Amino acid sequence: MKSVMKTLLATVTVALTPLMAVSTAQAEGETYVLVSHAPDSDTWWNTIKNGIALAGKQVGANVEYRNPPTGDIADMARIIEQAAASAPDGIITTLADFDVLKGPIRAAVDQGIDVIIMNTGTPDQAREVGALMYVGQPEYDAGVAAGMRAKSEGVTKFLCVNHAIQQPTVGERCRGYADGLGIDLGNSMMDSGTDPAEIKNKVLAYLSANPDVNGILTLGPVSADPTIAALKENGMAGAVHFGTFDLGEEIVKAIKDGVINWGIDQQPFLQAYMPVVILANWDRYGVLPGNNINSGPGFVTKDGLVKVEKFAGEYR
């Protein structure tokens with residue numbers, strides 16, 4: 001009897017092996033394209049690149065990162081169209097300007113391509129363009145949280161240094177910050193541009209003309225790093241409340257030195273990593289999280305720098 005059972009099991013195993021091999025082959029090798037609005041000069045996005053690369057390696061999918069070299073949103077729209085034309089299994093994209101990008105994203109969805117919105121945009125906007133879900137940090141809500149914290153720490157008048165004025169969703173951080181403080185935004189949001197020397201000079205000029213400013217908010221390393229330099233130059237480093245969005249090597253050093261009070265970590269690694277994993281599981285097994293994923297905000301202070309400092313610019 002045992003020999004008969006062994007023979008039957010061996011036969012079943014042999015019969016199933018080719019089917020299992022075919023199933024495995026069909027379940028791997030998908031292609032996912034991540035399109036961001038970031039210019040080549042913004043090193044913060046290196047963490048995004050690392051996140052998508054690691055996820056692709058772990059799930060066995062082909063991943064690509066594409067972006068407009070100068071951060072031009074119209075150029076980004078064309079890149080989304082080009083990505084859709086290559087018929088990938090999925091597109092992961094930021095929604096930095098809803099009015100400009102909704103058309104090409106909706107067209108990709110109508111073409112049958114699964115889309116996940118990450119980093120910028122809102123869950124409602126993701127739903128409107130037909131995306132599967134949103135993975136990121138609600139910008140206005142994060143700004144409100146930052147403003148409420150700054151208010152509790154004594155800020156009454158502020159400067160918000162916006163290096164991405166052309167991207168409406170980024171400005172929501174400044175608006176939320178003002179509302180969290182309970183004061184009007186007014187002219188407190190500066191269009192700083194992206195040139196480090198220009199940002200530093202603009203910050204110095206603004207602080208000189210508005211000596212009652214006791215709080216500064218920057219929106220990422222592009223604006224934070226030159227602002228750090230400005231405060232060191234005018235002697236205000238450590239004397240003015242300084243909060244920032246995002247992390248980077250200079251930001252981490254400034255938190256450690258007491259120049260920056262806190263950084264808001266939206267965990268960009270997860271914003272790139274999770275969509276690849278989600279798309280792979282959706283394509284292979286038809287499973288999908290029921291809710292959008294908020295990757296932030298989380299406040300990083302001097303007390304929580306051990307792992308952040310170790311992985312800053314790589315995974316944090």
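Predicted model: local features only at pLDDT ≥ 70, side-chain atom pairs only at ≥ 80, totals over all residues.

Trainee: OK. Which residues does the UniProt domain annotation cover?

Mentor: The unreviewed UniProt entry gives "domain: Periplasmic binding protein" for residues 35-280. UniProt positions are in the numbering used here, feature names are shortened, and annotations may be inferred rather than shown by experiment.

Trainee: And how much of that stretch is helix and how much strand?

Mentor: Residues 35-280 are 50% helix and 17% strand, with the end C-alpha atoms 17 Å apart. Helices (H or I, at least four residues) and strands (E, at least two) are DSSP runs, numbered from the N terminus.

Trainee: Let's take helix 8. What span should its 14 residues have?

Mentor: At 1.5 Å a residue, helix 8 (residues 196-209) should span 20 Å, and its end C-alpha atoms are 20 Å apart, which agrees. The expected span is 1.5 Å times one less than the number of residues.

Trainee: Which of its residues are buried?

Mentor: In helix 8 they are Ile199, Val203, Leu204, Tyr206 and Leu207. Down the helix axis these buried residues fall within an arc of 165°, so they line one face of helix 8. The arc is that of the directions from the helix axis to the C-beta atoms. Buried means under 20% relative accessible area, exposed over 50%, and partly exposed in between (1.4 Å probe, protein chains only).

Trainee: What is on the face turned away from the buried side?

Mentor: That face of helix 8 carries the exposed residues Ser208 and Ala209.

Trainee: And what do the buried ones pack against?

Mentor: They pack against strand 6 (158-162), strand 7 (189-191), strand 8 (215-218) and helix 9 (221-234). Contact here means heavy atoms within 4.5 Å.

Trainee: Which way do the residues of strand 8 point?

Mentor: Gly215 and Leu217 point one way from strand 8, Ile216 and Thr218 the other way, and all are buried. In a regular strand the side chains alternate between the two faces of the sheet.

Trainee: How many bridges pair strand 6 and strand 8?

Mentor: Four bridges, in the parallel sense. Two strands pair if DSSP finds at least two bridges between them. Phe158 has Gly215 in strand 8 as its bridge partner, and Gly215 in turn is partnered by His241 in strand 9.

Trainee: New topic. What is the strand order in the open sheet of six strands?

Mentor: The order is 2-1-3-4-5-11, with parallel pairing. Strand 2 (62-66) and strand 11 (293-294) stand at the edges with a single partner strand each, so one side of each is left without a neighbour in the sheet.

Trainee: Which residues does the cis peptide bond join?

Mentor: Gly296 and Pro297, with omega about 10°. Pro297 sits in the loop between strand 11 and strand 12 (298-300).

Terms used. Residues numbered from 1 in each chain as written. Heavy atoms only, no water.
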